[in-house]
Amino acid sequence: MSRSYHIAIAGATGAVGQELLRVMERRRFPAGKLTALASERSVGRTVEFRGEKVPVGLLRDDAFAGVDFAFFSAGATRSRQYAPAAVRAGAVVIDNSSAFRMDTSVPLVVPEVNAGDLAEHKGLIANPNCSAAILCVGIWPIHRAAGIRRVVVSTYQSASGAGARAMAELESQSRDVLEGRQAKPEAFPHQIAFNLFSHNTRIAENGYNEEENKMVEETRKMFHAPEMVVVPTCIRVPVFRAHSESVLLELERPMRPEEAREILESAPGVRLVDDASANRFPMPVEASGELDVLVGRIRQEPGNPRGLAMFISGDQLLKGAAWNAVQIAECLIGTARA
Ligand code: A2P
């Protein structure tokens, strides 16, 4: 008989927590038991899993007895506070927050890129930043073939990356603006409806914001390429749940767009969407709900045979978060499949 696993989700009521439940249903993940955890605000509520209502319990140190996999999606503070207790209780923690990503003893994994790093885990595995994960799936196959020296990337990031409240704000603010009312930013620092703005994380001393620095550091860590130059500009746009990225690569050797297309066509986790005659390329509405990352708009940099431009869209809540986390668990239990 095949084994089933006791799963805990810390942050089960949040945008990523809800998506984790849906992905496990969709993948028929062998979950025998689910422990749903959130803050005091949610105790007494239920979450739905495989047609059943599961009561939400309080996230605390003693909530992890008997748990095999604990998915954390309740923010970095909660991960720092409670993940060590989950590991001590014997669970493998797959952490969606930034708390442990750059810890050298913690593998940071996108399975299509560096599943091999999972062998090093000591109970804790970090799930990357959503923009970094989506970028890495799209450019890794090119890196393997031709070595990327430099990546210039501009993002078009959806509201979902800032949580369920931010998605609700995009909806209500759009209605307010259309009906002639003043937009009142609450979850975001600026108006999100019919606007765009530089990513809402703090600007660090190097002039890049935290999201941009995560893209740089995490891409280098997953690629085992500490020297790779990554120059990101992260922008929040009024899209609900898929991030898009405009990318310019400088490679070690020349590569024609035809070769890049051929490589990407058979790359795991990628769907090539590159139909110039129909002017059809990756779009966030098409990437939403998809496990694969859409890649297309592949062009040569004018006058530079080693320069390649492309456009990527990927579901922030899926490959950028919940699906990547469940995929890591699938790799660990040996059921990873397309
Ligand atoms: P709750 O719904 O009880 O606030 P999102 O990213 O969509 O905002 O979701 C955040 C998730 O993290 C929610 O499930 C939320 O639970 C949970 N969370 C936030 N703060 C805490 C906390 N102090 N303790 C436990 N869970 C928390």
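This is a predicted model: local features need pLDDT of at least 70, side-chain atom pairs count only at pLDDT 80 or more; totals for chains, interfaces and linings use all residues.
View 1. The protein is divided into domain 1, which covers residues 5-128 together with 320-333, and domain 2, which covers residues 132-316. Taken over C-alpha atoms, the centres of domain 1 and domain 2 are separated by 25 Å, and the contact takes 20 residues from domain 1 and 22 residues from domain 2.

**View 2. The largest pocket and its lining.** The largest pocket holds about 1,200 Å³ of space, and 44 residues line it, with Ser73, Ala74, Gly75, Ala162 and Gly163 lying nearest its centre. Two or more lining residues come from each of the elements α1 (15-26), α2 (76-88), α5 (164-178), α6 (210-223) and α9 (318-333). Domain 1 and domain 2 each give at least three residues to the lining of this pocket. Sorted by class, the lining of the largest pocket consists of 13 nonpolar, 21 polar and 10 charged residues.

View 3. Arginine 241 is placed in the loop that lies between β11 (235-236) and β12 (242-251). This arginine 241 counts as buried because its relative accessibility is 19%, and buried means under 20%. The side chain of arginine 241 makes a polar contact, at 2.8 Å, with the side chain of aspartate 315. When neighbours within four places in sequence are left aside, the residues in contact with arginine 241 include Glu19, Ser158, Ser160 and Met167, as well as Ser288, Gly289, Asp315, Gln316, Leu317 and Leu318.

Methods
Residues are numbered from 1 along each chain as its sequence is written. Side-chain values use heavy atoms; hydrogens and water are left out. On a 1 Å grid over the protein atoms alone, a cavity is a set of points where a 1.4 Å probe fits but cannot get out, and a pocket is an open set with protein on both sides within 12 Å along at least five of seven lines; lining residues have an atom within 4 Å of a point. Grid points are joined across faces, edges and corners, and a volume is the space filled by probe spheres set on the points. Helices (H or I, at least four residues) and strands (E, at least two) are DSSP runs, numbered from the N terminus. Ala, Val, Leu, Ile, Met, Phe, Trp, Tyr, Cys and Pro count as nonpolar, Asp, Glu, Lys and Arg as charged, and the others, Gly among them, as polar. Domain bounds come from an automatic or database domain assignment. Buried means under 20% relative accessible area, exposed over 50%, partly exposed in between (1.4 Å probe, protein chains only). A polar contact is a pair of N or O atoms within 3.5 Å; within protein, one must be able to donate a hydrogen and the other to accept it, and residues adjacent in sequence count only if both atoms are side-chain atoms. Contact means heavy atoms within 4.5 Å.
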